[in-house]
Every structure is written in structure tokens, then in C-alpha cells.
Amino acid sequence: MLEVAGLACIRGDRKLFSDLSFTLGEGELLRLHGHNGSGKTTLMRTLCGLSRESAGEIRWNGASIHKLGEEFTREVVYIGHKNGIKDDLTGVENLRVCSALDGCPVTERQAWDALERMGLMGHEDLPSRVLSQGQKRRVALARLLLNKSRLWILDEPFTALDVAAVDFLQSIIRDHINSGGMVILTTHQEVKITREQVLELRLGWKEAGHV
Amino acid sequence: MFNAFRTLLGRDLLLAMRRRSDLFTTLFFFVIVVSLFPLGIGPEMKTLRLIAPGVFWVAALLASMLALERLFAVDYEDGALEQMLLTPQPLFILVLAKVIAHWLVTGLPLVLMAPLLGLQYDLASDALGVMVVSLLLGTPALSLIGAIGAALTLGLRGGGVLVSLLVLPLYIPVLIFGSGAVEATASGMGGQGHLLMLGAILVLSLLLAPLAASAALRISVE
């Protein structure tokens, strides 16, 4: 369970949000809304521990995420604006390196299968440099299929994807929630994730939003 | 943990193999700088023997500086670095793997090339031997210390110049003991003491530099 209490973030001299509190339980999805520059990405980077909060606390199962350290990062997948894949490696190599570093090594077969499910059949052993923007995104998202982490933090996961890939990604997000996982995502697109456990959080209003 | 170390080391070596042009720039820089001095000074054997240790070590220092910029910058730009910070692996191990891969690609070739270049300076065989040993102990320390500077200047504009200003002063002990070892051997005093000091510097930087670089990376990525 992820608990956020009294969170504030200040970038430069600008207060992005303050006194933000919410709880995300198992099987729940939190969708962040807000105009450009309202602090969605900052919030996500803070939640996964990349940025430090200015005030407040983020707790995972009751303990501060900074104290948990690697025990917390084991439970998190973060996919941000940058795909985090190496241009000179093939999709399979990228995926295997990522998984090994995430602590759950996969065989070459599993990596091929994951990429195939992601709709990259025939492109698995090409250097990522020659892939299109959307295909690179698919390679990055294929990590979700192989990962055992419970909390997914996805920053604009649908950008550059085509309709089929968006549908597929929505279905794996749905599966993840149904099996007790947690998802935090931002998107400007209309998403049809029709589950009752969807929470909405609006950032960038006159005062920071509460859930 | 060991698995992660091996994976990252293997990945960086593979990437270096796929980008061989980067690999050779450092080596050729070293070869050219070292070869320029005999051409400029002329075939004065006594002078060449005298300046050889200093020239080799300063060239190694500059070559190592040249390569530093790429140590974390590529991973930073494509987002692989922030993913590394989010893996359940100790950052110390990951940084160590990256630095070792970096040394294998940019430092080790210099060490292997040194005896051949030493012939231009008419160095005696025992002095050449000590030169190789001193470079073997010193260049990993240069990579390790340099990693701190590379991590601190990540994402800054003009980071390359800043790295030199930050890191070159820290390289001074390595330079002194490295060239000192060769000089002492050439003058018949024996360079053992210098080599032991270099070894101590290497052990110390092996222990502390990855820690400092990890902390610097966390600040740079934020």
C-alpha cells in the first residue's frame, strides 16, 4: 500500500503542489490530471524516489520509501518520458539487460515472447536505433510483461503508440490491477479503463487537489 | 547482486564493441601525444630518457580525462541511468561495473601500448616494466576518481571543461607516484615504494570513489 501524507514539491522558486495526501491500495489505479507544467512528472518522480520531496512523507506498507531503499525499488517500475533503452542494442538484449538489473533475469526465449506479444514480431533482433518512436516505446513497455513489481508508475505511457498497442497496453494495465497490482498513470488521451477502482487526482488547481 | 554486476559490465563492453570509433579515439590520442615529444625534441637520448615518465603519465592523465565525459552521459540522455537508480541493486555495484568496463575499454589499451611507445624514448627494459606496472595500478584509479567528476557534472552545460577543473587536481598524487616509480627505477633506486603507494591509492579509490559517484549521480538525476 502506498501512502502519501502532506507532500509538497518546490521546483526552483515555484511551488508545484503542497499538502497532497492520498492512499493507493492494492488493485487500484490512480490517474493524474493536470495541465502542462502542473507537476505530474515531478510527482511521479518523487513517488518512485528519484526526486526528493520538499515536505511530507511517502510510505510503502507503513515505512518511508527512503528508508526502505532497495526493498521499495524492487516493487516499482517507472516508465518515464525517456525510454531507457540503448540504441545500439537489439530489443531482446535491451529487455534481458533491464530484467537482469531488475532482479528477475529472463531467458532469450521469454524476451522474444514478450516482444512478440508487444507486437514487435520480426523486429526483435534489430538494433533499437532503426526502430520507430512507437516501436521503441513498445520495447520499453515490454518490461511490464516480465516484471514482478507491484507498483507501476507510467508517465504518458500511450504517447507514440498506435491504436492496437494502446488497446493492448490498457488490457495489461487492467490485468495488473485485477491481480492486485497498483498503477499510477498520466495521460492526456481518453482511456477506457472501466474499473470501479480508478481514483482521479487533479493537480494545478488554485489549491492542490485532494482525493 | 553479482549477476547485476556481470550484466552491466557485459552490456557496456558490448556497447563499446558496437561503437568502436569511440574506443580508438582515446588510444590514438595517447599514442599521438606520446609520439609528438620525440619528434619535437629531436633524437637527444638523454633528454628523452629523462622526460619519458612525465610525458607518459601526463598523456595517460589527459587521455583518461578525454574519455570521462562519455562515462555516464549517454546513459543519462537515454534514460537508462534513472532506470539504474530504480533497480533493486546497490548503486555502488552498478557504478563499479560501469567504471571497470570503462577502464577495460579506455585504460587497458593504453597500458598495453606503453611498452611499444617506450622504445621511442630509449627506456631500459626494467624501467619499461615498471612503467607498465605503474600504469596498470594507476589508470584504474584515474577512472575511479574521474567517475566522481563525471557524475557531478552530469547534465551541466560545458560539463567537459568543468570535469577537468574538478578532476585534474585529484589526479596529482597518481601522477607523482606513477612517474616517480619509473624515474626511481631508471636512476637505479628502485620504484617499489612508489608502486606500493599507487596500490594504496587504487584500493582507497576502489572503496570510496563508487560511493561518492553514487551519491553524485542521485543528485544529478533529481
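How many helices and how many strands does chain B have? In this predicted model, chain B has 10 helices and zero strands. Read from the N terminus, its elements therefore run α-α-α-α-α-α-α-α-α-α.

The overall dimensions of chain B were computed next. Its C-alpha atoms fill a box of roughly 55 × 35 × 30 Å along the principal axes. The radius of gyration of chain B is 18 Å. For 222 residues, the globule rule gives 17 Å. The two values are close, so chain B is as compact as a globular protein of that length.

The packing of chain B was then examined. Of the 222 residues in chain B, 47% are buried. A residue counts as buried here if 20 or more other C-beta atoms lie within 10 Å of its own. Contacts were also sorted by separation in sequence. Among contacts in chain B between residues at least 6 apart, 80% join residues at least 24 apart.

Chain B also touches chain A. Here, 24 residues of chain A are in contact with 22 residues of chain B. On the chain A side, three elements each supply at least two residues: α3 (70–73), β6 (76–79) and α4 (91–101). The largest share comes from α4(A), with four residues. By class, this side of chain A has 10 nonpolar residues. Another eight are charged, and six are polar.

Terms used: Residues numbered from 1 in each chain as written. Chains lettered and ligands numbered in written order. Predicted model: local features only at pLDDT ≥ 70, side-chain atom pairs only at ≥ 80, totals over all residues. Contact = placed C-beta atoms within 7 Å. Nonpolar A, V, L, I, M, F, W, Y, C, P; charged D, E, K, R; others polar. Rg over C-alpha atoms; globule rule 2.2 N^0.38 Å. Buried ≥ 20, exposed ≤ 12 C-beta atoms within 10 Å, placed from the backbone.
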